[in-house]
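Subject: Structure handover

Hello,

Here is the structure I said I would pass on. My notes follow below it.

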Amino acid sequence: MTIVVSSSDTRSLAKGTASGLRPPAPRRSARMRALAPILSRIGWAMASIGLFAGLWELLWLVGLADPKLLPPPHVFLGNFADQAKFFNTATRWQIGVAANAGPSPFQAVMITVGATGGRVIAGLIIASVLAITLGVLVRYFALVEKLVLPTVTLLSPVSPIAWLPVAIFVFGIGNAPAIFMVVVALFFHMVLSTITQIDGVNRNLINVARTMGATKWQIYKRVIVPAILPGLLMVLRLNMFGAWMVVLIAESTGVGFGLGQVITMARNTFNPSLVFFTIALIGLLGFLSDWLLRLVQKRLLYWVPQATGGLRGL
Amino acid sequence: MVSDIKPHSSADFHSSNHAVACRGVSKVWNEDTPRAHEALRDIDLDIRPGEFVAFLGPSGCGKSTLLYLIAGLEDTTGGEIRSFDERVSTPSPDRSLIFQETSLFPWLTVWQNVSFGLSIRGMGADERKDIARKALQRVGLAEAMDKRPDELSGGMRQRVAVARALTMRPKVLLMDEPFAALDVQTRQKMQDFLLDVWQDSGASVLFVTHHIDEAVALADRVVVFTARPGRIKTIVQNDLPRPRDLFSREAEGLRRQLTELLRDEVDRAFAEQEALRETA
């Protein structure tokens, strides 16, 4: 008897083991059971993307989507090497180097992704550290609040685009202005939301610490910081998408290589396939980084109950 | 049963060794603003060491406010509060406060919560864990040491909060409707448990409640508050012998007395709220 196990068979397999039809393999079925929800989530994600891509393909098939302007997924994803050659990072500005020299197309894409991702991460880290520190200081010292908060509030509605010339004036061209742009896009909001988080800390927790003789410093360190961590990580997650958006604008001004630079090149050379290819890449990266941050959140914030669609029963 | 309130001389006040002594205490929230409202007016009250006193009154009468003032978490607008001859101006580990809602730190385990105050004092982890274990044994939750607060039921959480308060060896235990969020059966269990703990610890307990039954079951004296602004309407001595038979004729009489005292105040509080709604 041969048994073919596919993901949809896991349940019947588990049932079979339980009733003793097969020799018991408890470890395996337990792993299967743990895997089932993950497989189902991946399945639904595929279905969601598939639906979107399918509609697009359909529009192309019936001739509503012009492949020159809106090339469907199978066109812009179909020929990886063809797209990846535009990512070539080695030969672009060098004279006397053969067009085929340097990294392979796949490596070139990875280098570009790495460069952009690095800027996002660097910007996020710098912005978070600065903003959380300043936010806590604003609440800790009344003088800091009076001196800093008005300016922060004044600057926070300014679009990152407006900072672009400043970035170039001050930092020239390269990594520094791109990272500066990410920082400036996130910093002011994160200061304000850190303050909001601090104000939202349950008064009882603070009062308990006070009645136990905790000093102000101890209350901040032992109560307020852990209490605002969940909210801050949520803010960080939302701002990470913002960081991915801003980094493209920053990179379009001219950096060695980066996804923003590729998009700009695609626009200038009228290459819609490359635009969509890069968009797909960015989407994937944003999705992955969000997943990573959620993982961090789960590990770091073990005490926060996992949100699972509370309104599903409606 | 109603004791008459004699004005105390100030000499008596300053030399007394009361667990808590309030003289002319008043509190106005948001003083000097359009939103100012008077929560407490002219409170004179002495609590003896080891005494169990219940604060009873309509909601919004300022009984919880008085508790916060005694804890030192808020400043009085007028008058003075002393505890064991020391002026209350800041919170102190001598006066532990237990809240209605759970106030455990969700990121700490049960034993870390219980020993939080000790860690504030810089005590080492091993020693703290020992003390926490003993305190948790005292409240019957020794097995829950390493659990997190969200894994416990409401009653268990309040017991952990009591254990945490007790590790500070407070002289006064301030309780702000600690069992209000629990179901009736759990609340009765918790009342028995609290009486045990109280008799053991020798601390004074100030217990805010709006349940007449709770005041009858627990307190040596019941302080009845008027509707806003909160003043002491009267103080009722509760001499029912412990352990108390809550179905005795005396208990019934006390309940009736308290109900009548409270009814007028609740009516007044309602009338005032109605008036406020009409002006709004």
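In what order do the four strands of the open sheet in chain B lie? The order is S3-S2-S5-S6, and the pairing is antiparallel. At the edges are strand S3 (37-47) and strand S6 (86-87) of chain B, each of which pairs on one side only. S6(B) is joined by two bridges to strand S5 (residues 78-83) of chain B, and the two run antiparallel. Within that pairing, Ser83(B) has Glu86(B) as its bridge partner in S6(B).

Before going further, please note that this is a predicted model.

Chain B overall

Chain B has nine helices and 11 strands. Its C-alpha atoms fill a box of roughly 55 × 45 × 45 Å along the principal axes. A compact globule of 280 residues would have a radius of gyration near 19 Å, and chain B, at 19 Å, agrees with that. Of the 280 residues in chain B, 42% are buried. If one takes the contacts in chain B between residues at least 6 apart in sequence, 71% join residues at least 24 apart.

S4(B) runs parallel to strand S9 (residues 204-209) of chain B, with five bridges joining them; here Phe55(B) stands opposite Val208(B). S4(B) also runs parallel to S10(B), through four bridges, and in that pairing Val53(B) stands opposite Arg221(B).

Helix H9 (residues 249-279) of chain B has 31 residues and reaches 45 Å from its first C-alpha to its last, close to the 45 Å expected at 1.5 Å a residue. Leu254(B), Leu258(B), Leu261(B), Leu262(B) and Glu265(B) are buried in this helix. As a general point, an α-helix has 3.6 residues a turn, so residues three or four places apart point the same way. The cover over the buried residues of H9(B) includes strand S4 (52-56), helix H8 (212-218), strand S10 (221-225) and strand S11 (232-237) of chain B.

Chain A

Chain A has 12 helices and zero strands. Buried residues account for 27% of its 314 residues. Among contacts in chain A between residues at least 6 apart in sequence, 61% join residues at least 24 apart.

Helix H8 (residues 175-199) of chain A has 25 residues, which should span 36 Å at 1.5 Å a residue; the end C-alpha atoms are 36 Å apart, which agrees. Because 19 of its 25 residues are buried, H8(A) is largely enclosed by the rest of the structure.

Where the chains meet

In the contact between the chains, 13 residues of chain A touch 20 residues of chain B. On the chain A side, the elements that give two or more residues are helix H9 (203-211) and helix H10 (216-252). H9(A) gives the most, with six residues. By class, this side of chain A has seven nonpolar, five polar and one charged residues.

Regards

Key. Residues numbered from 1 in each chain as written. Chains lettered and ligands numbered in written order. Predicted model: local features only at pLDDT ≥ 70, side-chain atom pairs only at ≥ 80, totals over all residues. Expected span 1.5 Å × (residues − 1). Buried ≥ 20, exposed ≤ 12 C-beta atoms within 10 Å, placed from the backbone. Contact = placed C-beta atoms within 7 Å. Nonpolar A, V, L, I, M, F, W, Y, C, P; charged D, E, K, R; others polar. Pairing = 2+ DSSP bridges. Rg over C-alpha atoms; globule rule 2.2 N^0.38 Å.
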